[in-house]
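Have the viewer open as you read.

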Amino acid sequence: MRLRVRFVKLGKVRWTSHRDVARMWERAFRRVRLPVAYTGGFSPRPKVSFGLALPTGCESLAEYLDVELASDLDGPVEALVPRLSAALPTGVDATAVGALEAGAGSLQELVTSCTWTVELPGAGLGDAGRLVREVLDAGALVVTRERKGRPVTDDLRPAVVSLTVAGTTPAGAVLEAELETQPRGVRPGELLAALEPSIELGLVRRTHQWIERDGARWEPLPPQATDAPHAEARAS
Amino acid sequence: MVAVSEPFTLARQRPESRRPSTTLLRKLMTSLWPRIEPLLAQVQKPARYIGCEDGAQVPAHAPGKVAWLLVYPDAYEVGLPNQGLQILYEILNERGDALAERSYAPWVDMERLMRHRGIPLFSVDAHRPASDFDVLGFGISAELVYTNVLNCIDLAGVPVRAAERGPEHPLVVAGGHCAFNPEPLADFVDAFVIGDGEEVVGDMTEVIRGWKASGRTAGSREAVLRELAQVTGVYVPSLYDVEYDGPFLRAVVPRYADVPEVVEKRTIADLADWPYPKRQLVPLTEVVHDRLNVEIFRGCTRGCRFCQAGMITRPVRERPADQVRTMVTDGLRRTGYDEVSLTSLSSADFSGIDGVVAGIINEPANCGQVSLSLPSLRVDAFTVGIATEIQKVRRTGLTFAPEAGTWRLRQVINKLIREEDLYGAVESAYSQGWRRVKLYFMTGLPTETDEDTLGIARLARRCVEIGRRHTRGASVTASVGGFVPKPHTPFQWFGQNGVPELLRKVNLLRDDLRRERAVQLRWHDPKATLAEGIASRGDRRIGAVIEEVWRRGGTFQEWTEHFDLSLWEDAMASRGLSVEWYVTRHRRDDEVLPWDHVRAGLHRDFLWQDWQDALREHGIPDCRWTPCYDCGVCTGYGIEHVVASPTPPAGGSQGTGQDLSRGDAVPVTLLPVGGRA
């Protein structure tokens, strides 16, 4: 039996890394005595797989993981949501749990784009609007990064599904961006830095992960009672 | 006397950022978090600074509560697991008249930003500035962190020299094993805690509470320190004058009649009364020893002559086996860890260790996924039984510490492990599926010859041969560290090997093992060994050296990438101090040692006799299981060993050549079987 869990990462805990979050979950599963399946061999590891890594320092309303169980659960899977949250550090909370059908693909393969909000400290709505137009008007946004010791160039512009000014907070204007994750996950920070290398970002938060196929679009877990209010109806 | 401190012209940072406005911060009593958080995107491992561990407390500050900021002067990932700090954190927070928060040395990138923005040292629990606290309490377990202690004091907005502090500054307190030679830090620390901290922090809190209630008036600092000096186990260095006779010490004498001439260590009589930590901190980010740790006994009487911990923590006090089981089961359930370490100075010596190990591994409540590590395993107590149990879930690394390459030299250092013991243990390990075994050795030991040094290579090769009977890929990692003589040990009189001699010995081994692919040789940098030697047996004059190394940027000296011996050599030279005199010189019998006025209970006569026995290659047995040889601790303090069994767990001779199978006439307190009354 495989379960998919949606969770949030908010507040101080956003400064922990993707690996740190994986360890938090392993401890939480043991604390609630979830019968997690383990790999064999010299050093057995729990069979847990995470989706796209969230950069250290970002918040998220839409993180996911898949966990394989060695035996079926007694009782409804939804009951796990509060138990897991209680076993997790402050700021990391489960918001939904669902059972996966056999043969369901992995999060890494399935997710095609993510929606982010990005705070621009000190920026007015006008500044934010100009930035958005510059990105959308750019024919290409080429970045060079090091990969396995070699420089690799990428054009980030095709990964921008949408970019808008979402509003403003006391800290400054907020952008909303939907960025593709295939062939690689583009992060909002690197997108904006490609345009303005010295740009200073405030709080960056992932709000959704999307699976899009054949014109239909949905989230890795369907909305349900325990879910966060942001989840949208399955588009199929 | 003490060298006059220079004006702060060599300040490492701009003066205006060095002293944050403490009065303003005190008034606001606000968390520094809004100023800290914007820095985190610019530093490595930002999770070092967020706190939020499971088990962390955010205590309420109040005028009637003494606020302790417990500081581990090293990086978060090294300091967080420190059990001493966690124990005191809980004990203080349980008191109605005290509270404790924690802090760790900010890494160099964070320090730079903090100094630039005028952010002082802060607690990770509530992100309060250090100036919100009445006491800065340092836990010091290694000499090379001394410069970090100064850096943390400075970052706290407190003058590094105790003499320059006023009533507005917190008291600077330090404990831990290094406090047994407090002199190198005497100019910077207001009061040292010698020995176990569990009880003494309460006594100190009561004294400091009075100081706080009195409003910390002018001159009150001297008075509260004088009062603290009356507490057993507390040493206030400013109340003692040091008299010199050329380079030698003549005496360290109290300046007042009510200040003790000799400071005796504190010892808790029974570990069962202190089942701490009850809520071990579970960090959110990776740290060293990231697992549940349960202390199964304190103290060790194996009598290894190089081992300071074994000398200063006597007598042996075992935790009752039932309490160990409860602490393990509750701790695993609460933390979600899948690994537990049973900690002590020699874990296999715990009475009934086989049963405890099997109980933990096979306990259904532990979910069958718990791996166990036993640090400081003695080879003469490592049996196939233990090997079988601990490899059931996951084979953790297996390390044995023969310490020296020949039986002759092991008799000198009193690590009475016979070669057969080592081979038996290694055979057990390989036969149970391990493919790599780590061996720890020291070089530069008293009387060591090249034959002894090369004995390390011979033992490592032999272990590989044994391993190959069980697995083709058998290998051995041999780690070699340079020996640093420590205070309160029989080797405190021995002149440490210098850098060239240690390098020569390491090279002997490298040449000998060059073609041995199954033996991986690792060695500790002899230069770091030398710097450790300067601080280890230093006197009060070394304080100026530590201060200069710090002022020139020498922090994190136990980290290879930051260690710089030239800073230490230059500082010694500039103070007219000789490295040879402090490090490589043999001390004489009649010499006053810098720590003679601090007592761990061991008679100086006993230590000297043991040093002479060492030179004659005589070993002495473990007094837990054989008659008392009166080292001075139990008799002097009126305490006894607390052990559950009068015979060694693995039976046999334990390398002593004596029949230890019968335990009568052994001066131990026997715990009732199956628990305590």
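pLDDT is the predictor's confidence in each residue, on a scale from 0 to 100. That matters here since this is a predicted model. For residues 23-28 of chain B, pLDDT stays under 50, and the model has 5 contacts for them beyond four places in sequence. Chain B has a mean pLDDT of 90, with 89% of its residues at 70 or more. Residues 1-21 of chain B are another stretch with pLDDT below 50, with 24 contacts in the model beyond near neighbours in sequence. As for the model scores, ipTM comes in at 0.90 and pTM at 0.92.

Now to where the chains meet. Chain A puts 20 residues into the contact and chain B puts in 19 residues. On the side of chain A that touches chain B, helix H1 (residues 18-31) of chain A gives the largest share, 6 residues. By class, that side of chain A has 9 nonpolar, 5 polar and 6 charged residues.

Next, a helix pair inside chain B. Helix H8 (residues 200-213) of chain B and helix H9 (residues 220-228) of chain B have axes that come within 10 Å and cross at roughly 160°. Angles over 145 degrees count as roughly antiparallel, so H8(B) is roughly antiparallel to H9(B). The crossing of H8(B) past H9(B) is right-handed. Here's who makes the contact:

| Helix | Contact residues |
|---|---|
| H8(B) | Met204(B), Val207(B), Ile208(B), Trp211(B) |
| H9(B) | Ser220(B), Val224(B), Glu227(B), Leu228(B) |

Sorted by class, the contact of H8(B) with H9(B) has 6 nonpolar, 1 polar and 1 charged residues.

Conventions
Residues numbered from 1 in each chain as written. Chains lettered and ligands numbered in written order. Predicted model: local features only at pLDDT ≥ 70, side-chain atom pairs only at ≥ 80, totals over all residues. Contact = placed C-beta atoms within 7 Å. Helix = DSSP H or I, 4+ residues; strand = E, 2+ residues; numbered from the N terminus. Nonpolar A, V, L, I, M, F, W, Y, C, P; charged D, E, K, R; others polar. Axes fitted to C-alpha atoms, helices over the stretch in contact; angles between N-to-C directions. Parallel < 35°, antiparallel > 145°, perpendicular 65-115°, else oblique. Left-handed = near helix turned anticlockwise from the far one by under 90°.
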